[in-house]
Amino acid sequence: LGMFKGVLVPTCENMWGVLIFLRFYVIVGNAGLGMSVVIVTLSYLVALSTSLSLSAIATCGTSHSIQGVYPMLARALGKEIATAIGFVYFLGIVFLAVLECLGA
């Protein structure tokens, strides 16, 4: 699918779905319109830089037969760093599942 359709669009769709449709009124009410635009722009830039760095890690190297997050990170960054990132990734998925169940 490529970086744009496979990484950037799903990441931004998830972020915008939560931010705009569920929490945007709270953000505007608490921060004001100007700061809300800054927050949304900063969120988009974080999602963009995350997707660009993930696509750079995914395309590093020549062996593309390995599938999954941990083997990809272990190949690109080493086993020690991949273990630490994999654990944080696991916790992030667990917390995401909780938030999705709660509708937040």
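Helices here are DSSP runs of H or I with at least four residues, strands are DSSP runs of E with at least two, and both are numbered from the N terminus. With that in hand, let's walk through the model above. From the N terminus on, the elements of the protein read α-α-α-α-α, so to speak a tally of five helices and zero strands.

A word on what you are looking at: this is a predicted model, in which local features need pLDDT of at least 70 and side-chain atom pairs count only at pLDDT 80 or more, while totals for chains, interfaces and linings use all residues. Residues are numbered from 1 along each chain as its sequence is written, and side-chain values use heavy atoms, with hydrogens and water left out. The confidence score, pLDDT, is the predictor's confidence in each residue on a scale from 0 to 100. The protein averages 77 on that scale, and 83% of the residues score at least 70. Among the elements, helix α1 (residues 2–21) has the lowest mean pLDDT, at 70, and helix α5 (residues 79–102) has the highest, at 83.

Next, the surface. Accessible areas come from the Shrake-Rupley method with a 1.4 Å probe, and for residues only the protein chains shown count as cover. The protein exposes about 7400 Å², and carbon and sulfur atoms supply 74% of that area. A residue is called buried under 20% relative accessible area, exposed over 50%, and partly exposed in between (1.4 Å probe, protein chains only). Of the 104 residues in the protein, 13% are buried.

Now to the contacts, meaning heavy atoms within 4.5 Å. Of the contacts in the protein with a separation of 6 or more, 44% are between residues 24 or more positions apart.

G2 sits in α1, and G2 counts as partly exposed because its relative accessibility is 47%. G2 and S55 are 53 residues apart in sequence, yet their C-alpha atoms are 8.7 Å apart in space. C12 is also found in helix α1, and C12 counts as buried because its relative accessibility is 9%. Leaving aside residues up to four places away in sequence, C12 touches Y44 and A47. Between C12 and S51 there are 9.4 Å from C-alpha to C-alpha, with 39 residues of sequence separation.

Helices α2 and α3 can be read together. Y25 lies in helix α2 (residues 24–31) and is exposed, because its relative accessible area is 67%. S36 has its place in helix α3 (residues 33–58) and is buried, because its relative accessible area is 0%. The C-alpha atoms of Y25 and S36 are 9.5 Å apart, and the two residues are 11 apart in sequence. Not counting residues up to four places away in sequence, S36 touches F24, I27, V28 and A31.

Finally, the last pair of helices. The axes of helix α4 (residues 69–77) and α5 come within 8 Å and cross at roughly 145 degrees. From α4, the residues V69, Y70, L73, A74 and L77 make the contact, and from α5 they are K79, I81, A82, T83, I85 and Y89. These residues divide into nine nonpolar, one polar and one charged. For the axes, lines are fitted to C-alpha atoms, for helices over the stretch in contact, and angles run from 0 to 180 degrees between N-to-C directions. In the grouping, Ala, Val, Leu, Ile, Met, Phe, Trp, Tyr, Cys and Pro count as nonpolar, Asp, Glu, Lys and Arg as charged, and the others, Gly among them, as polar.
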